[in-house]
Amino acid sequence: MRALPKIAAAIGVLLLILILNPFATIPAGYRGVLTTFGKPSDQVYSEGLHFVWPVAQRMHRVSVAIQKGEGDGDAASKDLQTVHTKIAINYHIRPDAAVSVYRDLGNEPGERIIIPSVQEAVKAVTARFTAEELISKRSQVRDEIVLALKERMARHGLVVDEFSIVNFNFSRTFNEAIEAKTTADQLKMKAERDLQRIEVEAKQKVSRARAEAEALALQRQQVTPELLRLREVENQAKAIEKWDGRLPTTTGGVIPFLQIGNKAAAETNR
């Protein structure tokens, strides 16, 4: 019976511990900030189990894992075109800056720093480029925005992991102008290609004509009286091969191929 009071006391202590909960657990991906009557300490607590004084102290969790944010906003380009930009950003809190993020930013870096910093950086960088350059130099625009973000966010213990420009949207009038310019450029390129093709074809024709003229001139140079007599003999030989042996029935004139023979016979009869 004497043991009952001790058991009851032990149970009471356990219940008191459970109720007061003097231990705090920091999971992976977080850091702890301990406050005593609301005042944060300068120490950053890592993952694990930590003792806190009930009622007087409390452990607050600050996420140091990579977080994702998305946003959009309007800005003006260098040529005064309205640009609607949609971005995506991955960032995290430096573990050693957990206390300052909790104390200075109320543990809400996305609302306090990320959103306004992104909007300011996007507007500042967009104003340096024309609307067409924002499209053609997209990677450069992104790099300059990231650089501006890093400088601003580093002061608050925030780190930019990834930043991407999801999309640029322009006014309907500008989009139509871009489409018309693209069409004009394509037609210009086609006209240039056609002109090049015509020039090549013309050069080919000139080359062929020059070659034919040179060949004809060469043939004329090679024509001699001996060659003409040879061609005449060849033509007569071909005509004899085609003759069927019958003489023409018409009167008058000379007998083909036999005029030399007839003249010789007449001279003999004389």
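This is a predicted model: local features need pLDDT of at least 70, side-chain atom pairs count only at pLDDT 80 or more; totals for chains, interfaces and linings use all residues.

**A close look at the sheet**

Mentor: Happy to! Residues are numbered from 1 along each chain as its sequence is written, and side-chain values use heavy atoms, leaving out hydrogens and water.

Strand 7 covers residues 82-93 and runs antiparallel to strand 6, with 10 bridges joining the two. Strands here are DSSP runs of E with at least two residues, helices are runs of H or I with at least four, and both are numbered from the N terminus. Two strands pair if DSSP finds at least two bridges between them.

Now widen the view: the open sheet has three strands in the order 6-7-8, with antiparallel pairing. Strand 6 (67-76) and strand 8 (158-170) stand at the edges with a single partner strand each, so one side of each has no neighbour in the sheet. From one strand to the next, the twist averages 20°. Helix 3 (residues 109-126) packs on the sheet and touches strand 6, strand 7 and strand 8 (contact means heavy atoms within 4.5 Å). The direction of helix 3 makes about 135° with that of strand 7; axes are lines fitted to C-alpha atoms, for helices over the stretch in contact, and angles run from 0 to 180 degrees between N-to-C directions.
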